[in-house]
Amino acid sequence: MKTALLIKEIYLEGFRNLGNIIVQKYFKAFAWFSFIMFFVVLYAFIFRVYTGFAFD
């Protein structure tokens, strides 16, 4: 739980001092898109390992 709170604080600190609202919204959307893509890749890798895919 401590790690999750630390990640949350880093995320909030990263967007705290951005001035332009358009830039702020763009980077927040990009950050969420990156998190989602990371979890899609992680899911695909775990699925391939679980089903016995040969990584030759």
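Let me start with one residue. Leucine 42 has a relative accessible area of 36%, so it counts as partly exposed, in a model that is predicted. The residue is found in helix α2, which covers residues 21-50.

What surrounds leucine 42 in the surface patch? Leu42 is one of the residues that make a nonpolar surface patch of about 1,100 Å².

As for phenylalanine 53, arginine 48 lies over the face of its ring, at 4.7 Å from the ring centre.

A search of the whole structure finds 6 aromatic pairs. One of them joins tyrosine 11 and tryptophan 32 in an edge-to-face arrangement, with 6.1 Å from centre to centre and 65° between the planes. Tyrosine 11 lies in helix α1, residues 2-16, whereas tryptophan 32 lies in helix α2, so the pair ties together parts that are 21 residues apart in sequence. Together with Phe35, Tyr11 and Trp32 form one aromatic cluster.

Finally, the chain as a whole. Its secondary structure comes to 2 helices and 0 strands. The radius of gyration is 16 Å, well over the 10 Å that the globule rule gives for 56 residues, so the chain is more spread out than a compact globule. Along the principal axes, the C-alpha atoms fill a box of roughly 50 × 30 × 15 Å.

How much of the chain is buried? Buried residues make up 5% of the 56 residues. The accessible surface comes to about 5,400 Å², and 74% of that belongs to carbon and sulfur atoms.

Definitions and conventions
Residues are numbered from 1 along each chain as its sequence is written. This is a predicted model: local features need pLDDT of at least 70, side-chain atom pairs count only at pLDDT 80 or more; totals for chains, interfaces and linings use all residues. Side-chain values use heavy atoms; hydrogens and water are left out. Rings of Phe, Tyr and Trp (its six-membered ring) pair if their centres lie within 6.5 Å; planes under 30 degrees apart count as stacked, over 60 as edge-to-face and the rest as tilted. Helices (H or I, at least four residues) and strands (E, at least two) are DSSP runs, numbered from the N terminus. A charge sits over a ring if NZ of Lys or CZ of Arg is within 6 Å of the ring centre and within 35 degrees of the ring normal. Patches are made of residues with over 30% relative accessible area and no salt bridge: like charges are joined within 9 Å, nonpolar side chains (Val, Leu, Ile, Met, Phe, Trp, Tyr) within 5 Å. Accessible areas come from the Shrake-Rupley method with a 1.4 Å probe; for residues, only the protein chains shown count as cover. A salt bridge is a side-chain nitrogen of Lys or Arg within 4 Å of a carboxyl oxygen of Asp or Glu. Buried means under 20% relative accessible area, exposed over 50%, partly exposed in between (1.4 Å probe, protein chains only). The radius of gyration is taken over C-alpha atoms; the globule rule is 2.2 Å times the number of residues to the power 0.38.
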